[in-house]
Amino acid sequence: MDQKEQKGKMNEVKLSVLGGEGTGKSALTVRFLTKRFIGEYASNFESIYNKHLCLEGKQLNLEIYDPSSQLQKANFSLTSKLHWADGFVIVYDISDRSSFAFAKALIYRIREPQASHCKRAVEQAVLLVGNKQDLCHVREVGWEEGEKLALDNRCQFCELSAAEQSLEVEMMFIRIIKDILTNFKLKEKRRSSGSKSMAKLINNVFGKRRKSV
């Protein structure tokens with residue numbers, strides 16, 4: 001891959017926003033994209049949004065996949081999208097414990113195949129979000145529970161309200177995008193290091209053979 005192709009690839013960021021029905025994952029996504037809050041969404045549609053932004057001196061083409069809640073439950077493995085995405089935002093509703101259980105299952109599903117890979121592999125970036133902080137008076141999931149789930153599974157964590165916190169929503173998305181960009185750099189560094197090690201090994205093997213002839 002030449003430098004121009006590599007740069008183009010670095011500029012593509014693919015993000016999946018997952019969560020149970022009624023968690024506000026679509027509201028979070030649209031809030032980030034348009035700064036508007038829309039409370040009601042049809043849960044039987046899936047959408048892919050595109051946004052161009054500049055971050056850390058890079059022009060980025062961001063794709064956000066927002067699947068329907070029914071699709072997630074009917075096809076829980078989400079295998080194709082697990083491979084498609086560079087990172088994930090997992091959303092639950094702090095006033096709905098069942099949505100937290102679903103978020104936990106999603107995180108386990110994402111981390112499970114990565115656990116079987118080489119420990120040197122770079123894990124996908126995951127951000128766990130407790131939404132609807134404006135409903136804290138009917139809270140069913142404690143902040144500490146969300147934080148612990150995130151820490152136990154090497155995820156970032158935050159609580160916020162899509163309805164009331166436009167800036168916090170924007171910063172949340174920027175945070176996960178930065179994590180993805182960091183992962184890109186780590187992968188490229190390890191790929192480069194691996195190529196150099198292989199070249200050195202080949203040189204040593206064939207160099208010794210030439211000397212012995």
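Helices (H or I, at least four residues) and strands (E, at least two) are here DSSP runs, numbered from the N terminus, and two strands pair if DSSP finds at least two bridges between them. The model is a predicted one, in which local features need pLDDT of at least 70 and side-chain atom pairs count only at pLDDT 80 or more, while totals for chains, interfaces and linings use all residues. Residues are numbered from 1 along each chain as its sequence is written, and side-chain values use heavy atoms, with hydrogens and water left out.

**The sheet and its helices**

The strand order β2-β3-β1-β4-β5-β6 describes an open sheet of 6 strands with mixed pairing. Because β2 (47-55) and β6 (156-159) stand at the edges with a single partner strand each, one side of each is left without a neighbour in the sheet. From one strand to the next the twist averages 20°. Strand β5 (residues 125-131) pairs with β6 in the parallel sense over 4 bridges, and Leu128 stands opposite Phe157 in β6.

Helix α2 (residues 25-34) packs on this sheet and touches β1 (12-19), β2, β3 (58-66), β4 (87-93) and β5, its direction making about 155° with that of β3; contact means heavy atoms within 4.5 Å, and axes are lines fitted to C-alpha atoms, for helices over the stretch in contact, with angles from 0 to 180 degrees between N-to-C directions. Helix α6 (residues 143-152) lies across β4, β5 and β6 and runs at about 165° to β6.

The buried residues of α6 (under 20% relative accessible area, with exposed over 50% and partly exposed in between, for a 1.4 Å probe and protein chains only) are Gly146, Leu149 and Ala150. They cover an arc of only 95° around the axis, which puts them on the same side of α6, the arc being that of the directions from the helix axis to the C-beta atoms. Glu144, Lys148 and Leu151 are exposed on the face of α6 turned away from its buried side.

**Salt bridges**

The structure holds 8 salt bridges, each a side-chain nitrogen of Lys or Arg within 4 Å of a carboxyl oxygen of Asp or Glu; among them are the following.

| Pair | N to O distance |
|---|---|
| Lys25 and Asp66 | 2.3 Å |
| Arg97 and Glu145 | 2.8 Å |
| Glu112 and Arg109 | 3.8 Å |

Lys25 in helix α2 and Asp66 in strand β3 are 41 residues apart, so that their pair links distant parts of the chain, and both residues are buried. Arg97 lies in helix α5 (residues 97-115) and Glu145 in helix α6, so this pair ties together parts 48 residues apart in sequence. Glu112 and Arg109, by contrast, both lie in helix α5, 3 residues apart, about one turn of the helix.
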